[in-house]
Amino acid sequence: MSKELNSGVPTDSEVILGILNNSENVLKRLYIAYFPMILQLVINNNGNADDAKDIYQEAIIVLYNKVKTGDFELSSKLKTYIYSICRRLWLKRLTQMNRYGGDIKDFQEYLSVDDETEKNNERDIQFNKMGNALQLLGEPCKTIIEDFYINNRSMQEICENFGYTNADNAKTQKYKCLQRLKKLFFQQK
Amino acid sequence: MSENNQLTETIERYLNGEMTKTERAQFEELRARDADVNAKVAEHKHFTNLIKQYGERLELEQRLNAIHDEIDVHTLEDELMIHPSWIVRMWRNHHSKISVAASIAIFAALCTLFFTGYLSNKQANYGRLVGEIDKLKTGQNKLQVTVNNLPLQHQAITNPGNFRGTGFAISSNGYIVTDNHVIHNADSVYVQAADGKSYRTKVIYTEPQNDIAILEITDPSFKPLGALPYIFKKAETDLGEGVFTIGYPKDNIVLGTGFLTSSTGYKGDTTQYQISALLDYGHSGGPLLDSKGNIIGIVNGKQTRVEGAAFAVKTSYLLKAIKDIPADSLNKPINTSGKNVMAGLTRPQQIKKLESYVFMVRVYNQ
């Protein structure tokens, strides 16, 4: 049933190693290899291609994070694992949209994967909050915070970018920004 | 504020491993001593991690989107969609149009039917049909009653001179055929000729299954008739043939005419013809003749009340019956051969020739 791209399907261990090594190539091959399977699942169960994209990316992120944090143990085929997560996510989405008719057309075997998606859900909520807080923070704070904490730029570079006269001023500004960000973040329900 | 910043900076330096050994030792001591500072360190660590992870997530999503953009989703979608059968697809895509078209079609059909008066006509046809069925039913019931009441009726007509049916000559020497049901249960049977003379007869043979009875005139006053003016047509007669009969439903001869409408009789009885002629009970036993004056059957009077549908026993059965008469019950030979002298004649002339060979059959019983 499933339509796989024969060339370039990475082996399961290749994927694990690739993710750990931040291999762009492996990620791409992984993504391309299993997307059709999920597209098939979604579009044949009341969804469209965008829904498929959303839940597939969510599943890849779940996998990615699990591998990165080191608590991923491959107990089944990676394909089955991805399918199961997507199936679970899609069922949930369908139920939320009241489009679930109590019946889902399956194309692969699958496992039950409840808790993993739950965990991911919590993290998503936090990330959402963070995204909102950063938007509310405004410039130049947003860029300073992003540059320093996300892009690992040195204070020296930031100082130059923003034209601060000395690094101390920049530091003070950064701490103010961080304070405000915390406030905005924790204010959100 | 600045104190706070100082602490935050210290924490950051501590977390980033930018402290010297002694600084680090001092700070760790402070953490151990001051729970507040310790909590701040944990919180800062958690929060900055969250920012970092958020950044990573954003980046990962961007990477995934970039990969996704390279996939030709549209083509894949077409390939992977389970296509329902074309009729389902057609319905899904066009159901509104189909519904509208169907509604219009139904509406148009109804309008057409309405304006052409078809609807009301149909009602009438239907009614008529019901009426016909009812008539058939009553007709059949009547027949049933008639058949069941035959003996009773015989008792009712004890009055001498009540005519019961018709018979006709099958030979010139006094043999007459009539319906078995006419003479059934009779004590004595008389026949009366067209000229009013009455003769006593004897039933010499009956064939109840074909409703045929053969009488012989035993009356000494009977004088042989002339040669039969008709012949018995053995072959089946075709549908649509104009037929006629004469008989005695009352004291005078009555003509009945019609067409041969079916080669089988009541309920598909193959021994009979069905004819369209309004006949009366008294016609029973009369000769059925085609337009050329050949005898093609014996009117079977018991069903003549059915809506212009009468029945007649086919000649071939009559001939068979004649053949089957036991020889010892015959006093004279039966000579059925005649000469058809009526072929070219008009109906009135035919009847004139015929009437002296057709007899009223009178039946008497207790």
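A helix crossing is called left-handed if the near helix is turned anticlockwise from the far one by less than a right angle, and right-handed if clockwise. Some bookkeeping before I use that. The model is predicted, so local features need pLDDT of at least 70 and side-chain atom pairs count only at pLDDT 80 or more, while totals for chains, interfaces and linings use all residues. Residues are numbered from 1 along each chain as its sequence is written, and chains are lettered from A and ligands numbered from 1 in the order in which they are written. Helices (H or I, at least four residues) and strands (E, at least two) are DSSP runs, numbered from the N terminus.

Now the pair. α2(A) passes α3(A) in a right-handed crossing. Their axes, lines fitted to C-alpha atoms over the stretch in contact, come within 9 Å and cross at roughly 130°, with angles running from 0 to 180 degrees between N-to-C directions. Under 35 degrees counts as roughly parallel, over 145 as roughly antiparallel, 65 to 115 as roughly perpendicular and the rest as oblique; α2(A) and α3(A) are therefore oblique to each other.

Contact here means C-beta atoms, placed from the backbone, within 7 Å. On the α2(A) side the contact includes A:Tyr31, A:Phe35 and A:Ile38, and on the α3(A) side A:Ile55, A:Tyr56 and A:Ile60 are among the partners.

Next, where chain A meets chain B. The contact takes 29 residues from chain A and 25 from chain B. On chain A's side, α2(A) gives the most, with nine residues.

On to chain B, which has nine helices and twelve strands. How much of chain B is buried? Of its 366 residues, 28% count as buried, meaning that 20 or more other C-beta atoms lie within 10 Å of a residue's own; 12 or fewer is exposed, and in between is partly exposed.

A nonpolar core is a set of buried Ala, Val, Leu, Ile, Met, Phe, Trp, Tyr and Cys residues joined through C-beta atoms within 7 Å. The largest has 51 residues, and B:Ile176, B:Val191, B:Leu288 and B:Ala312 touch the most other members. A second, separate core of 32 residues includes A:Tyr56 and A:Ile60.

Last, B:Asp187, in the loop between α7 (180-183) and β3 (188-192) of chain B. B:Asp187 counts as exposed because it has 10 C-beta neighbours inside 10 Å. B:Asp187 and B:Val363 are 176 residues apart in sequence, and 7.5 Å apart in space, C-alpha to C-alpha.

How values were computed
Contact = placed C-beta atoms within 7 Å.
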